[in-house]
Amino acid sequence: MTDKSRIKKIISILQTEYADVQVALYYKTPFQLLAATILSAQCTDEVVNRVTPGLFKQYPDAVRLARAGQSDVERLVRQTGFFRNKAKNLIGMAQAIQTRFEGKVPQTMAELVTLPGVARKTANVVLGAAFHRLEGIVVDTHVQRLSFRLGLTQEKNPVKIEQALMTIIPHDLWHRFSLWLIFHGRRVCDARKPKCADCACQKLCPSAGIYLSG
């Protein structure tokens, strides 16, 4: 089997297993998704989803968050960790949207990454989920781990992983493919104890034998 056909089969399996998955963060608007994604850095989606209802009740849009006090936002997002820096980034992001983008979340990678707290991963989440625009592939810890284990790339740097995946994954699947890997990483391919015996990709995964015999 060629590597190209192996990758094609992996994609097909993941698509079948996780056909209906969506971004796990709760949000109603692109702005709320952007804020929630900023909060998700080094934090689980479950914790973020516990925090954002209170945050969005008080600050549902860029207009109100741009005028928020640092200490008040810190209080609301404390559970997500690194809360001082996240609060600063959230307020700065809202202010930038107000002053530079007429109150609307920008819809390009180049513009999004100029906002405080926003790098390529966050921008890709927002572009894909909120605007259905595909400029890249989300590379979080799950995508990084599974890309290496499945033999999709030998790169370790997130930016290089993204570049490698963009050359082998069909463009129309970029957003969904990252979601499939994220859900597969959460449910099956755990960082410490992957459930290789239960993995639908086992026969196609060069790492499966290592963990099955370990």
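**A close look at the packing**

A: Leaving aside its neighbours within four places in sequence, Val-73 is in contact with Leu-55, Tyr-59, Leu-65, Ala-68, Ala-87, Leu-90 and Ile-91, where contact means heavy atoms within 4.5 Å. The model is predicted, and local features need pLDDT of at least 70, side-chain atom pairs count only at pLDDT 80 or more, and totals for chains, interfaces and linings use all residues. Residues are numbered from 1 along each chain as its sequence is written, and side-chain values use heavy atoms, leaving out hydrogens and water.

Val-73, Val-77 and Leu-90 have the most contacts inside the largest nonpolar core, which has 74 residues; such a core is a set of buried Ala, Val, Leu, Ile, Met, Phe, Trp, Tyr and Cys residues joined through side-chain atoms within 4.5 Å, and buried means under 20% relative accessible area with a 1.4 Å probe, protein chains only. Helix H6 (residues 83-100) gives this core its largest share, 8 residues, helices being DSSP runs (H or I) of at least four residues, numbered from the N terminus.

Elsewhere, helix H2 (residues 30-39) and helix H8 (residues 120-131) pack at an angle of about 150°, their axes 10 Å apart, with axes fitted to C-alpha atoms over the stretch in contact and angles running from 0 to 180 degrees between N-to-C directions. H2 and H8 are therefore roughly antiparallel to each other, a term for angles over 145 degrees. In this pairing, Pro-30, Leu-33, Leu-34, Thr-37 and Ile-38 of H2 meet residues of H8 including Val-125, Val-126 and Phe-131.

Conventions: Helices (H or I, at least four residues) and strands (E, at least two) are DSSP runs, numbered from the N terminus. Angles under 35 degrees count as roughly parallel, over 145 as roughly antiparallel, 65 to 115 as roughly perpendicular and the rest as oblique. Buried means under 20% relative accessible area, exposed over 50%, partly exposed in between (1.4 Å probe, protein chains only).
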